[in-house]
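Let's take a walk through this model, starting with the fold and ending at the place where two chains meet.

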Amino acid sequence: METLDYLLYGFRVILHPMPLFFCFIGVLIGTLVGVLPGLGPVAAISLLLPFTFHVSPLVSVIMLAGIYYGAMYGGSITAILVNIPGEAASVVTCLDGYQMALKGRAGAALGISAIGSFIAGTAGLIGLSFLAPPLAATALKFGPPEYFAIMILGLTILVFLAGGSMIKALMMASLGLIIGNVGMDIITAQPRFTFGTTILLDGVGLVPLVMGLFGISEVFLNVEQSLKTQEILKTDLKGLLPNLQEWKESIFPIARGSVLGFFLGILPGGGAVISSFVSYGIERKLSRHPEEFGKGAIAGVAGPESANNSATAGAFIPLLTLGIPSNAVTAILLGALMMYDTPAGPRMVSQHPDIFWGIICSMYIGNIMLLVLNLPLIRLWVKILEIPYPILFPLIILFCLIGVYSLDSRTSEIFLMLIFGVVGYMMKKFKFDGAPLILAVVLGPQMDKSLRQSLLMSGGSPQIFFDSPICLGVLAVVALLLFVLPFLPRVTRFRKSLGEESEQL
Amino acid sequence: MKHPDQYAGIFGFIVGLFVTISSVFYGIGSFSGPGPGFITLLAGVALTILSLILFAASGRRKLPFQGLRQIWEGHEPKNIVYVLGLLVVYTFLLEPVGFLITTFFLMVLLFRVQGNYSYKKVLSLSAAVTILCYIIFVQFLGVQLPRGVMGYFLLF
């Protein structure tokens, strides 16, 4: 019952013109970003981050969060109509969604995708509303050793689930820790890796880093390719609502996707992408007609699309309650909250309840807005798909330039962004995943602080990490993930399939 | 010819070694009083060792490789060099010349990178984008963008 009171409080906080307006802007941009291939929610949030400093922290995070879950809705539109995933979590939607479109059922595929996303998103939010406060209360008992162990676990899971080589993912995590600790040491004020300049004394800014790594590098990747015109399926988008038979085939996949996506979203490294893959596999296994998967089975659209939306709600649990992001998007959101001076974590519920409950309640309203936006405006999104990339990429670059410059009015920040743009481009060419790096950059300073505090508390003895049962359990899982599971054949095949799917993007 | 991962391994090794040595100079302290270089030492050592593993593992692959050339096969990396060059020049000129002029010319040149649009279309689109961005970001959002040589003319 207490949770209902808090939810009412949250709705009172956000039911005002500004928060509602920015929620709408966030979900609109999120859908747009999801529709446009080549520009994912990470890049979009990076691009808009500097502009959010002109409004309040609550309104900023509402908008940025709206981009995240809005992109899940938008990604399915391109997957169904063009057979290209608008963003990573819609890869599996291409398999059956496009086949449905070829059979003249594009409307039903788009409709079930939007409705399933709404149901699952709402279910995920209910889970978030009831699970987050008790988890935050438990986390208040954590000390530096527990925090250090959980951060290591978060990084390890992300590395384990990153598509491709674990060695490369670990290298990225190590590099991220190094970049995250550039600047003045918080305890001794000793400058580290500043190369004698004042630009890096405050560390590497999150904004130039993410805009370079994800925004500029993506532009570079697309600019070097010879363009092929995207062929949008010319199909009549009649009948956006599925028929009764399609509803019958979808309702249980939506329910299963909602639960599965939510719990997978909580796991660091889990998130929308993994949950959509797992949901597809489960639906195919449980289906009475598995042979229809890949040929236009509606369950193959309903389940994964529900799972990826529910996962976005689940991803907010470790972010808001522990202050530990579970993927690149929430890592940037964490960085943004720190920059607004409202750090996420167990004290957020008590110290910033308006922001904590405001974010959660805004997501309920955002999901309704998305359902309203997606169904009637599908024809508009199809038109947007026709914007040629030679027109789009200069606009993306311009937003990056203005965004970075607007922070401190320094051109040195632009140069830093361009350097990271080149780094991000090379990372993608050599198949290094950026997610472990960004997570490590955001967590790096906190890990440094927690580690040093722990060792100071114990007088230098690492035994402190094994005295706490939570620490011990967490470190055991880390050891399992790093030294046992990667050598099991079934796990190796699963990780390899993740890598192959992510390379298709 | 080396596998591309071997080049990545060499680069990672150099970076890791640099970080490790620098961390020692910053002072690693002791377990009871870790210094500023403590965590970066751990990360640097990890990066160095992982890079060596990557180098060794990729060297054992049996397929013939074309080295770095295979990464850029079928692509036009000269476009990237051109775009990057434009952005570097833009950044140098942004403050002395001003946002409006530098952005207009940047947009003209960028719109012509991949598309075969007429100069009339490119010039009008560039002007429209530049002015619209100025109005939205400077007027509405209050972002401070450099006026440069236009400072005397822009009274609002």
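Here is the tour, beginning with a few ground rules. This is a predicted model, so local features need pLDDT of at least 70 and side-chain atom pairs count only at pLDDT 80 or more, while totals for chains, interfaces and linings use all residues. Residues are numbered from 1 along each chain as its sequence is written, with chains lettered from A and ligands numbered from 1 in the order in which they are written.

Chain A comes to 23 helices and two strands (DSSP runs, numbered from the N terminus: H or I of at least four residues for helices, E of at least two for strands). Its C-alpha atoms fill a box of roughly 70 × 50 × 50 Å along the principal axes. Of its 505 residues, 60% count as buried, meaning 20 or more other C-beta atoms, placed from the backbone, lie within 10 Å of a residue's own; exposed is 12 or fewer, and partly exposed is in between.

A:Val61 is buried because 23 other C-beta atoms lie within 10 Å. Leaving aside neighbours within four places in sequence, its contacts (C-beta atoms, placed from the backbone, within 7 Å) are A:Leu333, A:Ala336, A:Leu337, A:Ile355 and A:Ile359.

Now for the meeting of the chains: 48 residues from chain A and 52 residues from chain B take part in the contact. On chain A's side, H18(A) gives the largest share, ten residues.

Key. Two residues are in contact if their C-beta atoms, placed from the backbone, lie within 7 Å.
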